Amino acid sequence: MKDEHTLTEKDDSEHKTESGVLELRNLAVGYDEALISEINVKIKPGETIAILGPSGIGKTTLLRTIAGLIRPLDGEIIHDFPKRSGIGYIPQRLGLVRHSSVRSNVALGARTRKPSWYPAILPLGRELNNDIDSALESLNIQDLSTNPVRILSGGQQRRVAIARSLIQRPKLILADEFLGELDTENVNSIIKATKSLISEIEATLIMVEHHEERAQEIADRIWRIKDGKLFEDGE
Amino acid sequence: MNKKFIITTVILLSLTWMFLDDLVEDWGQIESAPERLETFFNEDLWPPDWSVLEAEEWADGTLHKPDGELCTEDYEFFCSKAWTGMVITIKMAFISTLIGFMISVPIASLAASNLAPLPIAIPARVILAGLRSLPSIIWALLFAIALGFGPLPGILAMTLYTIGYLGKLQYEAIEGIANAPLESAMAMGLTHSERLVHVVIPESSNDLLSQLMFMFEYNVRHGTVLGLVGAGGIGMYIDNYINPPFAYDKAFALLIVVFVVVVIIDLISMFVRSYVIEDGDVKRPKWWTVLLPAGIAADYYKKFRAKDSDESE
């Protein structure tokens with residue numbers, strides 16, 4: 001995919017030279033009580049991070065807080081990219097619009113590249129439509145383009161969710177156990193496609209993962225959550 | 001769980017009985033009711049007078065429409081009170097339902113707590129509650145006073161009521177949609193209108209369509225009531241027949257026409273919804289299932305679905 005639309009050259013150079021794509025300063029996350037606190041990390045553009053830890057420990061809450069869906073209990077989340085289009089979010093249940101077609105779901109991601117004042121009912125235009133075509137092709141779902149998402153298999157739905165995130169040209173992708181319980185063959189092909197596309201747009205990927213081996217294979221950095229604190233492997 | 005259920009049911013039934021006993025003073029009324037009803041049915045209602053399906057024949061032998069215009073149609077039925085009245089009622093219901101729907105969707109999106117913050121949701125809900133707290137017949141009366149008799153006050157009354165009624169059903173449907181697609185859209189930075197058009201409407205399309213069709217059917221049925229305040233349509237003829245000089249058998253025939261139209265709308269509704277419903281839950285149902293009691297129809301659908309999936313495999 002050719003990147004001509006989202007952030008300017010100036011923005012990109014800022015990401016590389018200044019504070020990095022994302023910084024969590026003294027962050028505490030949770031609902032009423034903190035599940036994880038004193039999180040202090042910096043993430044550089046293009047890094048892949050896997051968060052590991054048992055269920056119910058706050059991994060999803062951390063991801064949702066970074067996505068801006070929950071207010072942090074304490075501390076700051078600093079990023080130097082725009083909220084619109086800057087974050088691609090793939091929740092555990094993928095968050096696809098089940099009654100819409102594959103193409104409409106991917107188009108939802110492409111829409112973030114239009115300014116927020118652009119009327120919701122207007123079509124996206126040829127340029128973005130071409131980009132949608134190439135996104136569908138890169139994830140090998142071009143033949144499913146008109147099918148409603150609800151009739152797709154788990155693996156196909158995951159590809160749609162990834163295409164929807166990647167077409168935003170986001171600086172940060174947050175994925176919550178998005179590989180789920182897929183078979184190894186499916187996982188490998190999805191990982192391969194995702195990694196190459198992510199490196200093309202220099203996006204950072206933060207993913208919650210249950211499988212230690214899979215995390216080791218994909219990620220550059222591994223965060224582990226234990227006793228309400230975040231630890232990084234190799235620290 | 002079971003114990004709680006039994007206790008709650010007993011309490012609710014006891015309350016119902018207490019209220020009923022409090023309100024009804026003369027239980028003796030019930031004793032003679034079947035007899036009186038039977039007399040009314042046999043003497044006034046049955047058989048229905050199907051002359052409402054024919055054009056009016058004037059003294060000179062010419063056929064005329066109810067408004068006095070000469071009947072030039074090939075079939076006399078198209079000049080009858082049943083046809084002309086029903087067509088006006090359906091047109092009124094169609095306009096009111098569609099305009100009401102287009103206005104209620106944006107208001108409902110502001111009233112849904114998963115799309116809008118409470119300071120916006122509460123006023124939106126108050127507006128919807130206000131619109132629906134006056135029955136459409138009262139709205140029609142107000143508009144009839146302001147604008148005079150005819151279809152226009154009826155249309156306005158039904159439109160306002162539709163906004164209030166449909167809006168409530170819609171925001172409840174919107175609040176019931178899965179959270180994940182909405183959260184993804186919020187995290188992606190999509191605006192309220194983008195979320196409404198591209199996430200909420202497709203996700204709740206089955207509910208929205210079913211409510212829209214229900215509201216259309218409701219407005220057709222209610223159009224018959226609005227005729228009572230001079231709002232036009234088939235209701236006006238029914239009103240004429242239930243007032244002196246009474247012609248209950250003709251009114252009964254018109255009510256049967258309304259019933260048939262309602263059944264047809266229900267059938268269309270099932271067909272429309274079968275295109276958006278989850279995995280084709282109601283896939284091309286047979287027309288006569290509309291007439292079945294809900295339980296039997298549900299069993300039928302299950303068998304129908306099972307057969308359908310076997311075939312597709």
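**The largest pocket and its surroundings**

Modeller: In this predicted model, the lining of the largest pocket comprises 6 nonpolar, 3 polar and 2 charged residues. The pocket holds about 250 Å³ of space. Both chains take part in the lining: L69(A) is one of its residues, and chain B supplies S113(B), N114(B), L115(B), A116(B) and P117(B), together with N179(B), L182(B), E183(B), M186(B) and R195(B). Helix α7 of chain B, residues 179–188, contributes the most, with 4 residues.

As to the cores, the largest nonpolar one has 44 residues, and L179(A), M207(A) and I90(A) are among those with the most contacts inside it. Its largest share, 7 residues, comes from α7(A). Another core, of 38 residues, lies apart from it and includes L182(B), A140(B), A157(B) and I177(B).

Turning to the rings, the whole structure has 17 aromatic pairs over all chains. W46(B) and F252(B) form an edge-to-face pair, because their planes stand at 65° with the ring centres 6.3 Å apart. This pair joins distant parts of the chain, 206 residues apart: W46(B) sits in the loop between α2 (29–45) and β1 (56–57) of chain B, and F252(B) in helix α11 (residues 248–273) of chain B. W46(B) is partly exposed, at a relative accessible area of 47%, whereas F252(B) is buried, at 18%. Elsewhere, ring pairs connect Y75(B), F77(B), F78(B) and W83(B) into a cluster.

Definitions and conventions
Residues numbered from 1 in each chain as written. Chains lettered and ligands numbered in written order. Predicted model: local features only at pLDDT ≥ 70, side-chain atom pairs only at ≥ 80, totals over all residues. Heavy atoms only, no water. 1 Å grid on protein atoms, 1.4 Å probe; cavity = no way out; pocket = protein on both sides within 12 Å on 5 of 7 lines; lining within 4 Å. Points joined across faces, edges and corners; volume = space filled by probe spheres on them. Helix = DSSP H or I, 4+ residues; strand = E, 2+ residues; numbered from the N terminus. Nonpolar A, V, L, I, M, F, W, Y, C, P; charged D, E, K, R; others polar. Core = buried A, V, L, I, M, F, W, Y, C linked by side-chain atoms within 4.5 Å. Buried < 20%, exposed > 50% of the residue type's maximum accessible area, 1.4 Å probe, protein only. Phe/Tyr/Trp six-rings, centres within 6.5 Å; stacked < 30°, edge-to-face > 60°.
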